[in-house]
Amino acid sequence: MIRFADVLLAAPGVLAVLALVGGFSALLGAAVALTQPAVKTALAWSTCAQMGFMVLQCGLALFPLALLHIVAHSLYKAHAFLASGGAVREVASIRRPGPVAVPELSAVARAFGLALVLYLVVGLAFGIGSKPPQAIALGAILIFGVVYLVAQGLADLAPRALTRRTVAMSVAATLAYFALQQGITWASGGTLPPPPQPDGLVRATIVLARAGRGTDRPLGRGTF
């Protein structure tokens with residue numbers, strides 16, 4: 001689909017179908033992944049959700065981001081599959097685990113505010129105002145991942161070392177996201193076409209994508 005980007009742009013109806021199919025696939029795959037007790041089964045369904053999200057990006061004409069997504073996800077998921085067995089053995093070896101740091105509603109609210117500020121500060125530093133609306137909206141999905149990460153560090157039972165680690169990882173992830181996005185956009189300039197202005201259908205699929213990505217966290221629940 002990325003190689004046929006110019007052809008797809010000439011058929012807006014095809015882009016709309018891709019966006020809808022990809023969005024529903026991402027939502028379905030993420031929902032099923034959260035119900036799987038086996039780690040590798042959850043990872044497999046997570047991959048289905050990620051592939052749907054890549055199709056959605058093509059449907060939104062965000063071809064550079066789809067290219068970045070498939071390369072980055074290949075590396076991440078290969079590591080996740082190879083490391084999942086060791087992670088399960090490590091958890092099983094803990095006979096007397098300590099108290100679980102479950103984030104309270106106040107911790108989630110603070111984490112959401114911190115994630116929003118982090119996204120805006122880093123995004124403005126990378127010139128977020130010059131990016132297409134589709135990329136800005138999908139980039140906002142990063143906020144949900146950062147909230148999930150930071151909230152664990154802000155729980156009442158969480159040690160300070162965990163809090164510092166989750167905040168540092170959130171900053172690094174946000175910087176990496178915008179830097180990689182900037183890099184792939186620059187590298188593909190003149191090769192892949194820019195996305196057109198979004199219409200009503202595109203905006204609706206963006207909302208669907210946010211719902212799907214907000215539930216795609218099988219590793220955080222089942223492994224670590």
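## Residue classes and the model

In what follows, Ala, Val, Leu, Ile, Met, Phe, Trp, Tyr, Cys and Pro count as nonpolar, Asp, Glu, Lys and Arg as charged, and the others, Gly among them, as polar. This is a predicted model, in which local features need pLDDT of at least 70 and side-chain atom pairs count only at pLDDT 80 or more, while totals for chains, interfaces and linings use all residues. Residues are numbered from 1 along each chain as its sequence is written, and side-chain values use heavy atoms, with hydrogens and water left out.

## The second largest pocket

By class, the lining of the second largest pocket has 11 nonpolar, 8 polar and 1 charged residues. Of the 20 lining residues, Pro64, Pro132, Thr185, Pro194 and Pro195 lie nearest the centre of this pocket. Two or more lining residues come from each of helix H4 (63-92) and helix H8 (160-187), and H8 gives the largest share, 3 residues.

A pocket here is an open set of points on a 1 Å grid over the protein atoms alone, where a 1.4 Å probe fits, with protein on both sides within 12 Å along at least five of seven lines; lining residues have an atom within 4 Å of a point. Helices (H or I, at least four residues) are DSSP runs, numbered from the N terminus.

## Ala61

Ala61 is found in the loop between helix H3 (39-59) and H4, and its phi is near 65 degrees, a positive value in a residue other than glycine. Ala61 is buried, with a relative accessible area of 1%, where buried means under 20% relative accessible area (1.4 Å probe, protein chains only).

## Helix H7

The buried residues of H7 are Leu142, Ile143, Val146, Val147, Val150, Ala151 and Gly153. Because these residues cover an arc of only 150 degrees around the axis, they lie on the same side of H7, the arc being that of the directions from the helix axis to the C-beta atoms.

Definitions and conventions:
Buried < 20%, exposed > 50% of the residue type's maximum accessible area, 1.4 Å probe, protein only.
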